[in-house]
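Colleague: I have not seen this structure before. Please take me through it step by step.

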Amino acid sequence: MAGIPEYDFKKIEEKWSKIFAERKPASKAGGKKFYLLEMFPYPSGALHMGHMRNYTIGDTYKRFLEMKGMNVFYPMGYDAFGLPAENAAIKSGIHPREWTMKNIENMILQQKRMGLSYDWERMVITCGADYVKWNQWFFLKFLEKGLAYRKESSINWCPGCRTVLANEQVHSGKCWRCESVVESRKLEQWFFKITNYAEELLSALNELDWPAKVKSQQEHWIGKSEGVEIDFPLEEGGALKVFTTRPDTLWGATFMAISAEHTILEKIARDKKDEIGKLKASAAVQSEEEKEKFGVRLTTRAINPVNGEKIPIFAANFVLMEYGTGAIMCVPAHDKRDFAFAKKYGIPMWAVIAPEGRKPKDASLEDAYTDEGVLINSGDFSGLKSAEARKKISAALEKKGIAKIVTRWHLRDWLVSRQRYWGCPIPVVYCEKCGIVPVPEKDLPVLLPDDALFTGEGNPLDGSKTFREALCPKCGGASERETDTLDTFVDSSWYFLRYLDSKNTDKPFSREIADDWMPVNQYIGGIEHATMHLIYARFFTKALRDMGMLKAGEPFKKLLCQGMVLKDGGKMSKSKGNTVSVDDMLNEYGADTGRLFILFASPPEKDLDWSEEGVRGCSRFLTRVWKMLSLLSDSDGEKEIPEDSAKELRWMTAKTVRDVEEDLYGFRFNTAISSIQEFVNFIREMQERCGVFRGFGQSLKTVITLLHPFAPFMTSEAAEILRMDLGKFPGFSKTALERTVKEIIIEVNGKLRSKIPAGPEAEKDEIVNAALADVKVRNWTDGKEIKKTIYIPGKLLNIVTGG
């Protein structure tokens with residue numbers, strides 16, 4: 001074998017990047033199908049370390065599965081519509097399309113430099129005319145099925161982005177993107193009827209292999225509540241309808257709170273019009289935790305239907321018209337928010353639940369008691385436990401005709417209208433004669449105009465006459481095109497289906513192909529999408545299933561949410577000046593080193609703290625492996641080794657292959673890499689003792705093969721030098737694992753310091769002597785008194801030192 005050159009990652013990566021780019025996806029026709037996918041990126045410019053971590057996880061898993069003989073589908077695309085492109089047009093004058101496509105081109109170059117082995121022929125770009133066409137086609141189908149509708153509603157308006165936000169895009173009262181304080185406005189908007197699927201969206205969560213935290217967030221957002229609707233009569237006639245899950249607290253209701261948007265205020269609060277107007281203006285959408293609770297006391301009162309008490313009514317800023325009935329009963333003795341409000345406005349409080357096992361007089365009003373307990377001061381229901389009381393009170397009130405047992409949902413229909421240019425146009429026109437008229441399918445796609453002006457004020461489409469003015473498809477008369485565009489989360493709600501059949505011009509995708517591959521076996525992405533993208537994609541898939549377009553009712557069978565990449569303990573941010581450039585890292589250390597560090601430094605679901613020393617350590621490891629090629633090249637031939645050593649080598653090889661395989665299946669990349677490193681150290685130590693031994697070359701090939709999913713560039717070059725095939729993951733001998741020699745864990749003062757082999761007959765003294773001679777152990781014991789040793793036969797030795 002010719003001499004091995006110095007390890008030069010730049011030359012190696014330049015060479016193999018070209019080869020990888022020209023290589024067609026491996027055909028594994030006989031292999032088990034596996035659809036692997038990462039959340040596709042928004043093309044905002046350059047990729048950041050969070051992207052690299054996400055894609056490295058996916059690509060490593062893909063390469064491993066292919067080496068195990070599976071037929072892996074692994075595509076990539078770009079979520080190309082969105083406000084940043086429009087903002088760039090306002091700021092620099094560059095057209096959103098040009099800005100977006102330039103960014104995509106740059107990101108593809110970066111992804112290829114990372115060694116990502118996507119099926120580039122299936123690439124999907126959501127701003128492309130083909131994708132827009134099918135997006136609009138879905139809108140029309142939803143309109144036909146009653147899943148799309150238009151209504152006036154209170155909406156969340158972001159003054160910074162100058163567009164409407166869905167409830168899921170309002171975080172603590174602020175825009176999820178620009179963090180402007182969100183305002184409440186009335187506007188005609190388009191909605192998708194996601195609430196039709198509330199029950200299934202909730203119940204089907206049990207079938208998904210998703211992180212518990214994501215499922216919990218979806219359960220909370222869907223928010224199924226079982227309770228009663230109760231009418232509270234008003235002094236001047238009529239009634240206020242409220243919904244409560246706690247009818248056991250009815251006797252403690254001492255005031256009512258209603259939304260400032262409630263229509264009944266026009267009747268019962270004419271004298272408070274100015275005050276309520278001010279309340280409306282100040283009631284921006286905020287979290288319960290952040291909003292100061294205040295209200296306007298009305299002159300009319302409500303009557304508590306269970307005890308006849310007349311109680312005050314407040315128009316309050318913490319009651320939203322969109323949830324429940326827009327009115328609530330308030331029980332300050334048993335609700336912290338109501339307690340604070342009652343204290344502020346001097347409202348009486350009545351304790352009606354006491355902690356179980358304590359006398360009623362012990363119920364304190366120093367703070368709200370919010371737990372379960374036993375009813376007190378509640379008429380015939382006093383003495384009942386809370387759960388039992390809820391059932392009996394609900395049934396009694398329903399029998400009297402003053403209440404109705406109902407189920408309520410926190411989930412609201414998905415608001416999909418956006419007042420922006422760079423999005424998918426909504427395919428309808430407005431005709432004075434015919435009303436709302438869908439654009440015929442034959443006229444799709446409706447494309448964005450090129451003459452829109454980006455001034456930063458309002459929706460650019462409103463100013464484009466060539467786009468706005470249209471002919472009615474039904475009567476041929478003058479009409480106006482819808483100038484709102486679709487929420488970009490619509491684009492990302494079905495892209496995984498388009499990947500499967502991305503060149504199809506007759507339909508969005510073939511049912512046969514979709515049924516063959518769906519659902520996605522493994523999806524990888526951030527937990528921040530738990531209540532937006534991941535709910536919307538589930539809804540979309542169920543709706544398309546009911547339209548007969550595919551069999552699957554869920555888009556993603558298994559979900560992995562990777563943690564963030566931190567620097568100095570904090571989230572990477574340009575404003576903090578603690579970012580690490582992907583390009584700089586690739587230039588200085590290479591893709592293999594970056595990939596290895598990202599996977600080794602932390603389990604994928606945990607946050608990763610960036611460490612330059614950690615990166616350098618991974619670089620040194622790859623260099624060390626590369627130098628082992630030189631040892632093989634420069635040797636006179638492999639030498640025989642003692643049978644005990646040969647057995648130990650066979651055991652270590654089998655154990656490493658088994659452990660790495662199990663860890664890769666379980667996404668435990670860090671422990672898989674650790675096992676490879678231990679194997680490399682084992683081989684090097686044996687080589688230092690015995691020279692280039694018989695089996696050294698095969699052991700090195702095993703290392704190269706195991707490393708390949710993690711470091712594809714260096715291992716591809718090494719495989720070419722060794723004339724070996726990287727297409728198959730190594731097998732291992734179960735017989736070799738059933739060895740008589742065991743691995744004993746060596747601890748010093750309870751901390752793992754080394755592992756040593758030992759035969760079944762080895763006595764404690766023999767194990768102790770071997771441990772004390774081990775270089776790794778000596779680093780912690782030399783010069784110290786050995787106070788005692790604790791030995792668990794065949795498993796563990798703990799050396800306790802003093803001094």
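Modeller: This is a predicted model, in which local features need pLDDT of at least 70, side-chain atom pairs count only at pLDDT 80 or more, and totals for chains, interfaces and linings use all residues. Residues are numbered from 1 along each chain as its sequence is written, and side-chain values use heavy atoms, leaving out hydrogens and water.

Colleague: What is the order of strands in the open sheet of four strands?

Modeller: Strands here are DSSP runs of E with at least two residues, and helices are runs of H or I with at least four, numbered from the N terminus. Two strands pair if DSSP finds at least two bridges between them. Pairing in this sheet is mixed, and the order is 13-14-12-15.

Colleague: Which strands are the edge strands there?

Modeller: An edge strand pairs on one side only. That holds for strand 13 (295-303) and strand 15 (327-330).

Colleague: Which residue is the bridge partner of Met256 in strand 14?

Modeller: Strand 12 (residues 255-258) pairs with strand 14 (residues 310-316) in the parallel sense, over three bridges. In strand 14, the bridge partner of Met256 is Ile313.

Colleague: Why is one side of strand 11 and of strand 18 left without a neighbour in the sheet?

Modeller: The open sheet of three strands has antiparallel pairing and the order 11-10-18. Strand 11 (239-244) and strand 18 (403-409) stand at its edges, so one side of each has no neighbour in the sheet, as each has a single partner strand.

Colleague: At what angle does helix 11 run to strand 18?

Modeller: Axes are lines fitted to C-alpha atoms, for helices over the stretch in contact (heavy atoms within 4.5 Å). Angles run from 0 to 180 degrees between N-to-C directions. Helix 11 (residues 386-400) lies across strand 10 and strand 18, and its angle to strand 18 is about 120°.

Colleague: What volume does the largest cavity have?

Modeller: On a 1 Å grid over the protein atoms alone, a cavity is a set of points where a 1.4 Å probe fits but cannot get out; lining residues have an atom within 4 Å of a point. Grid points are joined across faces, edges and corners, and a volume is the space filled by probe spheres set on the points. The count is one cavity of 30 Å³ or more. The volume of the largest cavity is about 80 Å³.

Colleague: Which elements give two or more residues to its lining?

Modeller: The lining of the largest cavity includes Thr163, Leu165, Thr488 and Phe489. The elements are strand 6 (163-165) and helix 13 (488-491).

Conventions
On a 1 Å grid over the protein atoms alone, a cavity is a set of points where a 1.4 Å probe fits but cannot get out, and a pocket is an open set with protein on both sides within 12 Å along at least five of seven lines; lining residues have an atom within 4 Å of a point.
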